[in-house]
Every structure is written in C-alpha cells, then in structure tokens.
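Let's take a friendly walk through a protein chain together. Have a look at the picture first, then read on.

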Amino acid sequence: KKEEMIRVYEKGASVLLRTEKISSDGSGIARTPEGFVIFIPGALPGETLKATVMLRKKEYAIAFPDELLEPHPLRRQPFCPVFNSCGGCQLQHASYALQLELKRAIVQDAFERIYKRPFPPVTSCNPSPEQIRYRNKTSLPVRNREGKTVMGYFARRSHDVVPIKSCPVAAQHIDRAFSAVAESLPVLGLVPYNEKNGKGMLRHAIFRQSIENNDTLVSFVLADTLSSRKKAILEERLLPALQEALPNLRSLTLNINSARNNVIVGPKTEVLFGDGLIEETLASFRFEYDTTAFFQVNSRQACILYEFVVDLAGLTGTERVLELFSGIGTLTSFLAARSLHVTAVEEWDSSVRMMRSNLSRNGVGEKTAIIAGAVEKVAPSLEGTFDVIVLDPPRTGCDASVLHKVLSLNPRRIIYVSCNPATLARDAGILTDQGFVLDTLTCFDLFPQTVHVETVARFFRI
C-alpha cells in the first residue's frame, strides 16, 4: 500500500484534494486518505480542487492547483496585478475577515503542534487600522534580468525578482519613490549584485516613510564603498528624481554590506543627502531612526500593540522592568512612562545610540538604563530585582540560556512579544515547565495581506 501511495502522489500526478487548514507560508494543507500531507500554494482551508504534484518528498508533497471546484465562500479576487507571482503577499485572495481568522488559526495550530500543553484560548486577531498603504518600510532586491537592471520583490519560493513600480500595501510616498528609482536605475551605472558569485555593486533599495510625519528615507545597499565619481552621479541623476517625486525626502543614504549572506543591511552607512534619519510619532512619543534600525512596519498598529503590552504588564508606576531586544526604544518609552524604571538591552550599535536620544527626547531618559550588547552575552551578568520582564526577540525566538536566566531573575510577570508563533510556542514550553503559567495569548495583525502575525503572551509566576 505504501508503494502504491508513492506512485499515486509522485511528481506529475493529478490529484483531487480537500484542504483542511493553512500553513505558516500561506499554502493550503490537504491530507490524503493514507495520511500523506500535500501543500497547495494559493489554496484556502475548506476548498476542493484538482492539482498537479510538482514536488515529492518522503513526508510530503507540493501540488499546484489546476481547477478550483469548491472555493471558500470568503475567497476574493486579489487586487494586485502581480499577486500570483510576487512573494510579498500571501493572502490577498482571502477577505480581510478570513485573513484575521487564518492568523488566529496559525497561532492555535503552532501551540497544538509544538507547545503540546493546555493553553488559554487564542483571541480573535486584532485588525489593523489600515489594510493597504500601511507599510512604512520596504526593501527591494536589485538584480540583472535578461540584461536589464530590475528592482522588485522576490518571486515565491525563488530569488527571481518580480519587477514592480507600484505596491498597494506600501505607504503612499514609498510607492511614489519606487517609480523614481526604477526609472533612474538604467542611467546610474551601478551593476546589480549577483548572489551566486558575489559580484556586482547594487544589492537592495530600501524605502522608509513616517506615517504620521511623512518623512521619507531612501537607501541603496551596496557591496562596497562607491567612488567619488559614482556618488556624484547619484547626486546628479537620482537625487533630483527623488526630490521631485518626494517633497518630504529627508535622507538619501548608502549602506555598505560586503558579506556573502542573506542579511540585507551592513553596519556602515554613508549619508548622501539630509541627516540620514527619519522621524515617526507613536501616541505622544517621537522616535528618530536610521536606515538600518528595526521599526515595526505598521506604525499605527504598533502603537496599539505597545499600549496593549503596557496594560497587560499591569504597570502602576512602581515596577522595575527588564526589556530585552529593545531596538531604538519604542516599546521602552511606553514601558518607562508607566513604570518606576526600565533596564533595556540592545545589540545594534546605531540603535543603541538612537535609543539614548529617543528616551531623552520622550522625557524618560532618567527612568531608564541601557545595556549595549547581544542579549545572549549580556544575560549571564544581569542582576537585580525585576517585577516584569518583556521579551521582543527576532523570528528565531530566545536562546534557551536567555530564558533560563529570565526564570532565575524570578519576575512576577513575563510578557513575550513574538512575530513567529512556532518559536513562541517552543519558548513558552520552557517557561511553563519551570513554574510560570501562560494565561494570555493575543494576536495582532501588523501585516495585512500576508500570512505573518504578531502574538503577545503573558506568563505569571506561580
């Protein structure tokens, strides 16, 4: 029977499938009568379709849909003309109400598969104030395509670039900047980067916009420092085009990343125009940041998220708070305004510098202490009493050594902000096995039209 199943679902086979749920990359998941798992890109849960197996592995297969026989009632027509090829969005074909339910289900599924302990109900996903034009940052790879320099998003499951001059989820000024840069690329004399051999100069174009203040910043990520002549060409040909398209252009920078890896930005940035910064307002706080700094891509939803975290932490003005992975001090400012003192830990040098100025600007500098360094290296030396510890790690989650240090500090509450339900579920298991109770799982949609979801978890000490 197993051999027959392998033949039935081998590459090129035509199959009739009924999807059950959605995967973390936005594919529909179907399970055959034999229990074999098939992923179908573009399929929504509860749909019946005919598909062709395109990839066959031992434990699963990937099939591409040929005919949709029974669509989900909340399926809709995608509004972006390149949705089916571009890898930027995964859920435009689902109504927004369905997107929110799918994201809640992704968190639910991660905790069922990975956490494997009783957990509280996952709340309905908090909707974003905007579903389009919300992205305050976009990083677009620049590559050679059939002899032409093109800029766009990577195609799905590929590093082929889908050229774009407009994107409906990008903030308005960023969208205008796309066209200005795309039209200027052929006359700038910058050879596109080649990932395979490491040759070429121009790797990415980064676009950032303040949603509340309309500041804009454009940056080219380069494999090496430009000559004075090349910089002059950018000032003569690119800068005027950007200033015409973007009256609020504040900064044009050149970021240098010579590493042969998939990290977008490098540690060195040169300012070609302006001061190299951009400013955003969240609630009553103002934040300046640069080309390389982390800032949540959905400013208005981030403000709602940070206010929720402060409320969930139960801050009354008397607590001492430890915040790990602090960035430029956005959440730090919200925490410090409602607590007695915050100790903030951050690794990226420029973010540390900006955090100091941001906390001072927002009137909470005297209530904070900043420790510069990687959380994994700083954690062993942390001492003192903390009532609340706030974790906001990258997608990889927290190193186990960091979690054990957090546990040894014995806080009353731990708030964990996560952009990856799988690593959150993994880390939650470590915290609850050592005497904490997970009592809240709350979802926020910071990334409409995509499969990504932000989750906030609260843990109480027994």
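A disulfide is a pair of cysteine sulfur atoms within 2.5 Å. This is a predicted model, in which local features need pLDDT of at least 70, side-chain atom pairs count only at pLDDT 80 or more, and totals for chains, interfaces and linings use all residues. Residues are numbered from 1 along each chain as its sequence is written, and side-chain values use heavy atoms, leaving out hydrogens and water.

How many disulfides does a search of the whole structure find? The search finds zero. Cys86, for instance, is in no disulfide, and the nearest cysteine sulfur, that of Cys80, is 6.3 Å away. For Cys125, the closest cysteine sulfur belongs to Cys443 and lies 5.1 Å away, too far for a bond.

Now for the overall build. The protein chain has 10 helices and 21 strands; helices (H or I, at least four residues) and strands (E, at least two) are DSSP runs, numbered from the N terminus. Its radius of gyration is 23 Å, close to the 23 Å that the globule rule gives for 462 residues, so the chain is as compact as a globular protein of that length. Here the radius is taken over C-alpha atoms, and the rule is 2.2 Å times the number of residues to the power 0.38. The C-alpha trace spans about 70 × 65 × 35 Å along its principal axes.

Of the 462 residues, 56% are buried. Buried means under 20% relative accessible area, exposed over 50%, and partly exposed in between (1.4 Å probe, protein chains only).

| Residue | Relative accessible area | Class |
|---|---|---|
| Cys86 | 7% | buried |
| Cys125 | 6% | buried |
| Lys116 | 65% | exposed |
| Arg133 | 33% | partly exposed |

Most residues other than glycine have a negative phi. Lys116, however, has a positive phi near 55 degrees, and Arg133 has a positive phi of about 55 degrees although it is not a glycine. Lys116 is found in the loop between helix 2 (96-115) and strand 6 (137-145), and Arg133 is also found in the loop between helix 2 and strand 6.

Finally, visit helix 9 (residues 400-408). Its buried residues are Val402, Leu403, Lys405, Val406 and Leu407. What covers them includes helix 10 (421-433) and strand 20 (436-444). After helix 9 comes Asn410, whose phi is positive, near 55 degrees.

How values were computed:
Contact means heavy atoms within 4.5 Å.
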